[in-house]
Amino acid sequence: MSSARLVRNFSIIAHIDHGKTTLTDRLLEQCGQVDHQHVHDRVMDSNPIEQERGITIKLAPVRLNYLAKDSQRYTLNLIDTPGHVDFGYEVSRSLAACEGVLLVVDASQGIQAQTLSTFYKAVDLGLKVIPVINKIDLPSAEVDRVLLEVMELCKVSEDEILRVSAKSGLNIETVLEAVIERIDPPEDTIDKPLRALLISSYFDQHQGAIALVRIVDGRLRPEKLQFIQSGTSFFPAEIGIYTPKQEKISELTSGEVGYVVTTLKDVRSLKIGDTLTVASRPATETLPGYKEPQPLVFFELYPIDAADYSALLDGLEKLALRDAAIQYSNTHSSALGSGTRVGCLGLLHAEIVVERLKLEAGLDLLVTRPTVPHTITLTDGSEKVVRTAQEFPDPSSIASVTEPMVAATLITPVKYMSKILDLVRERRGRYDSSDHLGDRVVLHCTMPLSELITDLHDVIKSVSSGYCSLEYEVSGHQEVDAVLVSILLNGEEVPPLGFISVRDYAASRGRKLVAQLKDLIPRQLFSVPVQATIGGNVIARETISALRKDVTAKLYGGDVTRRKKLLAKQAKGKKRMKAFGSVHLDQDVYLQLLRKPL
Ligand SMILES: Nc1nc2c(ncn2[C@@H]2O[C@H](COP(=O)(O)OP(=O)(O)OP(=O)(O)O)[C@@H](O)[C@H]2O)c(=O)[nH]1
Ligand SMILES: [Mg+2]
């Protein structure tokens, strides 16, 4: 137990890649908490995908034990957050557990779209913001320009802005001292009945469901505990903190952040934002929670080998145990058999889910194009939410369609502004207003979400030489004239290749996809027409010409064992493919198409 006066709770927030995780690693090092025997570059990004991609996808708490200049030992509970827009909800949860934040800004980049959104989230919650300019060691650092931007945004004087290099460790101590001086200690409410906010959860193979909590009032001890909203109760097997290793302690008290091993089998019985209390002496008032993450993109997954269906469900189940933002439900297609429809927070999240299933469950999967949910009013007056192209109803039964819209914020140097606005208009967006930020401009626009989950991000980066950044939030729905474009191979429909498009762009997108398919599909022994259709009318067509060489010839030479081997190899290859109109497609074709936007 530590006295609340000597506790500080804060999160590190920033635009993607501005150095949150590196700074967290350095702070750990400063407090002597890095185990040099097991040290790898990134102590905090612990899961393999985070390590490989160098991005944070889940919030991570850690407790620092810091001997300050005033000779007192402080307990600093820090939460490292992800910067990518798909994982913005993790930032909101982290902020709910803090009294302050370190707002990190890359000295070579300045304030970016995500910097603004996370800053306003922190201000809305009344948190103390400590601005930190990072990467001052870089030759391309423009510390003075960034200082002005930060002073303008945060309404602070120059000497309140810290200047550090998380890479070299320069000025790291100033960060810890500023946290102690400027962030308020949590309120000391140790005598009240226990109320702990569930910030996050994960599943450990040996320990079961583990809850990450911020103790708001009272003490959390080994006694029967209960969640107020869900009613779930349990006896904790262990209480502890992250240093960053799990470290068992006897109790957590008001103001502290730590973990509780719940022994529950299903992590989904832990509802993020729920209030934990003591079963025999419950608190009555729940803590203000926060919104559950809402999936924004949906796609379908089918095992290429139907026998793998149960392995697919198992794999997804395991993933969902660790990642509460994944939604999935069973679906069936006449052409593809049994599959699942998966909802994710964005394209990066979707890519990570598919990657994990392939890696961890070793599955060959057919992935349909990610789609945003459309709400369709049918001619009989009923409403239907269509999450993937495969569910799109017959055009004659549709009265109207609406699609999700987003409020997008783009920050760009003035000289790229007109190019960016052209791009926004091309993607069916509209300009709403703008502000100035130093010598750059902040554009507020409204756009269809479906236009954002394509290559928009890459295109924006390329027209602005990497200087424009984008951030968005779902803002409502708007009516759209949408149609289903179907793809036919050799006269037979290939449902996973179909897509929903606004009618005006359907023909050009259909042509683009048909041309991509012509390049991607290997030539066959016969010529294969590739067509795109809307409601049965052909809008684009290409032909994959036939292979001239007789590829089966080699099957007939040589001895029996060699022929058998070749046949077996061929059968194995076939298993990993799915036939449409006598054309076999393997998972690589789908995966490559996903990366080629329309
Ligand atoms: N030169 C220099 N590079 C830095 C500094 N801090 C971080 N970096 C580099 O910047 C890149 C991104 O750093 P991360 O710490 O992963 O950034 P992040 O903000 O945690 O990124 P996300 O969690 O994905 O949002 C890495 O390649 C770091 O090595 C610094 O002070 N100087
Ligand atoms: Mg990170």
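Tutor: Welcome! Two residues are in contact if their C-beta atoms, placed from the backbone, lie within 7 Å. Keep in mind that the model is predicted.

Student: How many residues of domain 1 are in contact with domain 4?

Tutor: The domain assignment puts domain 1 at 4–182 and domain 4 at 375–479. Their C-alpha centres lie 30 Å apart. On the domain 4 side, nine residues take part in the contacts, and on the domain 1 side the number is twelve.

Student: Which helices each supply at least two residues of the side of domain 1 that touches domain 4?

Tutor: By class, that side of domain 1 has five nonpolar, four polar and three charged residues. The helices that each supply at least two of its residues are α4 (113–124) and α5 (143–154).

Student: Which helix gives the largest share of the shell around ligand 1?

Tutor: The shell has 21 residues, with G19, T21, I55, T56 and G83 the closest. By class, six are nonpolar, ten polar and five charged. The largest share is three residues, and it comes from the helix at residues 20–30, α1.

Student: Which are the edge strands of the open sheet with six strands?

Tutor: The strands follow the order β2-β3-β1-β4-β5-β6, with mixed pairing. An edge strand here pairs on one side only, and that holds for β2 (60–67) and β6 (162–163).

Student: What stands opposite V7 in β3?

Tutor: Strand β1 covers residues 7–14 and strand β3 covers residues 73–80. The two pair in the parallel sense over six bridges. Opposite V7, β3 places T75.

Student: How many residues of helix α3 are buried?

Tutor: Helix α3 spans residues 88–95 and is mostly covered. Its covering includes β1, β3, β4 (100–106), α4 and β7 (195–204). The buried residues are G88, E90, V91, R93, S94 and L95.

Student: Which residues touch the most other members of the largest nonpolar core?

Tutor: In soluble globular proteins, nonpolar side chains tend to be buried together. The largest nonpolar core here has 149 residues. The residues that touch the most other members are V101, L103 and V213.

Student: Is Y505 buried, partly exposed or exposed?

Tutor: Y505 is found in helix α12 (residues 503–520). A residue is buried with 20 or more other C-beta atoms within 10 Å, and exposed with 12 or fewer. Y505 has 17 such neighbours, so this residue counts as partly exposed.

Student: How far apart in space are Y505 and A482, C-alpha to C-alpha?

Tutor: In sequence, Y505 and A482 are 23 residues apart. In space, the C-alpha to C-alpha distance is 9.6 Å.

Student: In β30, which residue is the bridge partner of I487?

Tutor: Strand β27 (residues 482–489) and strand β30 (residues 528–534) run antiparallel and share five bridges. The β30 partner of I487 is A532.

Student: Which residue takes a positive phi in the hairpin of β30 and β31?

Tutor: Seven bridges join β30 to strand β31 (residues 537–544), and the two run antiparallel. Across them, P529 has T543 in β31 as its bridge partner. The hairpin has two residues between the strands, and the positive phi, near 50°, belongs to G535.

Conventions: Residues are numbered from 1 along each chain as its sequence is written. Chains are lettered from A and ligands numbered from 1 in the order in which they are written. This is a predicted model: local features need pLDDT of at least 70, side-chain atom pairs count only at pLDDT 80 or more; totals for chains, interfaces and linings use all residues. A residue is near a molecule or strand if its C-beta atom, placed from the backbone, lies within 6 Å of it. Helices (H or I, at least four residues) and strands (E, at least two) are DSSP runs, numbered from the N terminus. Ala, Val, Leu, Ile, Met, Phe, Trp, Tyr, Cys and Pro count as nonpolar, Asp, Glu, Lys and Arg as charged, and the others, Gly among them, as polar. A nonpolar core is a set of buried Ala, Val, Leu, Ile, Met, Phe, Trp, Tyr and Cys residues joined through C-beta atoms within 7 Å. Domain bounds come from an automatic or database domain assignment. Two strands pair if DSSP finds at least two bridges between them.
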